[in-house]
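Hi,

Here is the structure I promised to pass on.

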Amino acid sequence: MAYDAPIDEIEFSLKAVAGLGQLEGLPGLQAYDETIIRPILEEAAKLARDVLAPLNQVGDSQGARLTGDGVIAADGFKAAYDAFRAGGWMGLAAPEAWGGQGLPRALALGVMEMFHAANMAFGLCPMLSYGAVEALLAHGTDEQKKTYLPKLIAGDWTGTMNLTEPQAGSDVGALTTKAVANPDGSYAITGQKIFITWGDHDLAENIIHLVLARLPGAPAGSRGISLFLVPKFLLNADGTQGPRNGVRCIGLEKKIGIHASPTCVMDYAGATGWLIGEANKGLACMFTMMNSARLNVGLEGVAVGEAAYQAAFSYAQDRKQGKVGGVAGAAPILHHADVRRTLITMRARVAAARAICYACGVSADLSHSSDTPSVRAAAKAREDLLTPIAKAWSTDMGVDVASLGVQVHGGMGFMSETLAAQLYRDARIAPIYEGTNGIQAIDLVGRKLAGNGGASMRAMLIEIDETVRLSRSTNDPQFVQLAERLWAASKALAETTDWMLARLKAEEQDKALAGASAYLALAGDVIGGHFLVRSALAARQKDADFRARQMALAGFFAETALASAPGRVPGITEGGDRFLDNSRALFGID
């Protein structure tokens, strides 16, 4: 696999679109200034290109292996993880007080995009560790932080998230794993978890599992769930590695993709664990980890989309088929207009998703680090709004773009040994991870929109109106056309937002949720289009080729995704009636 990180695009999106510069000098981010962005991205690009990308198809063909001693990663993955750890990449956005580098989370997103694009199966391992670090920072005791954070942040240990059980699925409140208090203040954890990403492996010295379980007498449902820290190896009094704990991988799931990422069935047989946060408040603690993971999973959609685009573009330059005027003999398929239309579709959607994810990351940084309460509150509202959109819209995009990559490859794309086929298979898990995309749509409408009466979405619409105004003020016909498309699309988003809020106020929840996924898709298109227009405006200060590229991406997106937005309103506001009112005839239920 050949992958060259689009450093210019990543840096531009971080700085000119997402607004990374807002973070300079904020508390906890004093180590950050704009001059370090480029060197960090360049070093990360080398690791992605030279170490991770060459292992991508190796890992896909070999997969992880379960042995009597545990899970063994595919060839080369241990050395790759050693290089990742030695580079300090795990601690990029972690606090300096615990051994991290104290840099913005948004910058770490740019780095992780490269790693996921080069090798998504590898990138999943540190992604879960990031979430474990955030959960411990927010909810761990001082002793837990002292014991576990330095090792996790150094990459010596990795973290996992153990939620899912066979009978529960996404209904976490139905879990049955038990936690019984031990005399020494620890707990004995007993039960099984499934679909645990990188639940066991040989890359790191220890694995720190964050496990949801139920205490005796706990309330039913999600109100009775607690969160526990369960290490693979217990620690001696001096902090050195002790005996093996009572947790093991007893099976590896057979999957259609991400073969090199071990997806484990974990068995807890009286394993020793420690409570994180308050008893029966575990779901709130776990959501700290899940929100981090949701944004990172959205970034996986960006990454696999970028990798699919690069593979398709490379193939289109080499594959010769058909006649084109001015080209002697068979022409590279890149000369065919429909192939170029497919490629710009891929590239524009990737750029829009990248901007959404990075903007969400900057908002997360501001919500933690700004020294102005009103700025923190506004940033938190923006982060909450963008998180389900970043996760769902970007991962749906990743699947669609990977599918287009297969199409560009033609029959070769359907051959299982090609990278195009692997990327399509790998991409398909992301819309399922960390709450399916339908759950993200429910979250957007039922919590993020309803939670503040639509205030965060209206703030976004005001920002979009300002982009429209700036575009019109250029008096450039191309920007005026962008403004008209963005304005009409934003009015469609405003109309459907008002409709959603009215349905929720009238307690017509089924009608609102019937249109929730379509509403999220529209919101992603409009917000993504807004960021692409902002990109084109900012690119006026760049060289001619860069300006032309950004204008082409924004213009194509405007004339396709944004132009269709007004016509999608009835599908959101009326489409649900067509099946809600006929559920007995269609599905045999009332």
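α1 gives the most to the lining of the largest cavity, with 4 residues. Helices here are DSSP runs (H or I, at least four residues), numbered from the N terminus. A cavity is a set of points on a 1 Å grid over the protein atoms alone where a 1.4 Å probe fits but cannot get out, and lining residues have an atom within 4 Å of a point.

Before you go on: this is a predicted model, where local features need pLDDT of at least 70 and side-chain atom pairs count only at pLDDT 80 or more, while totals for chains, interfaces and linings use all residues. Residues are numbered from 1 along each chain as its sequence is written, and side-chain values use heavy atoms, with hydrogens and water left out.

Back to that largest cavity: it holds about 70 Å³ of space (the space filled by probe spheres set on the points, which are joined across faces, edges and corners). Its lining includes Glu 9, Phe 12, Arg 354 and Gln 550. Besides α1 (7-17), α8 and α15 (516-538) each give two or more residues to this lining.

How many cavities of 30 Å³ or more does the structure hold? There are 2. The second largest cavity has about 30 Å³ of space, and among the residues lining it are Asn 56, His 116, Val 304 and Asp 426. Here α4 and α10 (419-427) are the elements that give two or more residues.

Cheers

Conventions:
On a 1 Å grid over the protein atoms alone, a cavity is a set of points where a 1.4 Å probe fits but cannot get out, and a pocket is an open set with protein on both sides within 12 Å along at least five of seven lines; lining residues have an atom within 4 Å of a point.
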